[in-house]
Amino acid sequence: MDRIPLKDLFELASYQWKEDLDSMSKICFFTKSRVSQDREKSFGLSYGMEQPFLLKALAAKIEAKSFFEIGTGRGTACYATSLVDSVQRIDTIDIIPPSHKRREAIGYEPAMVSNLDLHGMIPFEQKNKINFHERHEIYKVISRNEKYDLLFIDGNHTDFHVIYEDFEICRLIASDKAIIVWDDFYPDKFAIKDVVSAVDRKYDYNMKLVECRGHLFSNGKTPEKNCGTVIMSKRGYNEDLFAKG
């Protein structure tokens, strides 16, 4: 599989990531930080917070009208893609109910919040494009027979069969021009790599590994290589993003 550093992918997508520093900082403040013992330090974008920039870049590049996600987390990807003008609807799936409160962090401080609580805190009106669903409701989403232009697989990381099912669900509801995105592709951990390999053997997609973590915000760490986020698209679509370097 071809590899590309994140900033090089941004060049192919004509995406000016620095223009989104303020909005992404607001999103990550609520959805991406962890509790820190150093309570005096102010929040800042840091190593590992590159993901929302990538998803926004892809959504804008293909002028996506819809975004589908398996694995809501705290909603980082949804809030990022909601800022793209062309995006009209977002559906996100998780095994945890959106009203369930859990121990999280907001700007490094501990917080007991649900995804609905966080949704109320996000300072962008575009958040109202987002629809939260529990995993058992996924077939209600499928039954609408709607197609999605950008799809993100970020749920189970260890069970091959669950991850493969997630892909088949995404394949079923993907539009012809869709980009399917897989998070946390590593050669030496998780089962994502095995599922991606199985998909590559069975279907005819363009695929590219985008090396992400540490490529915008290093915090003194070495940017990751040979791992990151896989993007894939039907051949004949979005070919410029998959051009060989």
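Analyst: Let's start with residue classes: Ala, Val, Leu, Ile, Met, Phe, Trp, Tyr, Cys and Pro count as nonpolar, Asp, Glu, Lys and Arg as charged, and the others, Gly among them, as polar. This is a predicted model, where local features need pLDDT of at least 70, side-chain atom pairs count only at pLDDT 80 or more, and totals for chains, interfaces and linings use all residues. Residues are numbered from 1 along each chain as its sequence is written, and side-chain values use heavy atoms, with hydrogens and water left out.

User: How many cavities of 30 Å³ or more does the structure hold?

Analyst: On a 1 Å grid over the protein atoms alone, a cavity is a set of points where a 1.4 Å probe fits but cannot get out, while a pocket is an open set with protein on both sides within 12 Å along at least five of seven lines; lining residues have an atom within 4 Å of a point. Points join across faces, edges and corners, and volume is the space filled by probe spheres set on them. Here you get 1 cavity of 30 Å³ or more, and the largest cavity holds about 40 Å³.

User: Which residues line the largest cavity?

Analyst: T72, T92, D94, I96, P97, P98, N115, F132 and H133 do. Helices (H or I, at least four residues) and strands (E, at least two) are DSSP runs, numbered from the N terminus. By class, the cavity lining has 4 nonpolar, 4 polar and 1 charged residues.

User: What is the volume of the largest pocket, and which residues lie nearest its centre?

Analyst: The largest pocket has about 1100 Å³. Its lining takes in 41 residues, with K32, R34, Q51, R74 and D154 nearest the centre. At least two lining residues come from each of β2, α4 (76–82), β3, β4, α7 and β8.

User: And which element gives the most to the second largest pocket's lining?

Analyst: That would be β9, with 4 residues. The second largest pocket has about 220 Å³ of space, and its lining includes M1, D2, Y205, K208 and R235. That lining divides into 5 nonpolar, 2 polar and 5 charged residues.

User: What is the strand order in the open sheet?

Analyst: Two strands pair if DSSP finds at least two bridges between them. The open sheet has 8 strands in the order β1-β9-β10-β8-β7-β2-β3-β6, with mixed pairing. β1 (2–5) and β6 stand at the edges with a single partner strand each, so one side of each has no neighbour in the sheet. β1 runs parallel to β9 (residues 205–211), joined by 4 bridges, and R3 has L209 in β9 as its bridge partner.

User: How do β4 and β5 pair?

Analyst: Strands β4 (residues 102–106) and β5 (residues 109–113) are antiparallel, over 5 bridges. E104 sits opposite A111 in β5. The hairpin has 2 residues between the strands, and G107 there takes a positive phi near 55 degrees.

User: Is Y108 buried or exposed?

Analyst: Buried means under 20% relative accessible area, exposed over 50%, partly exposed in between (1.4 Å probe, protein chains only). Y108 is buried at 11%, and F190 is partly exposed at 31%.
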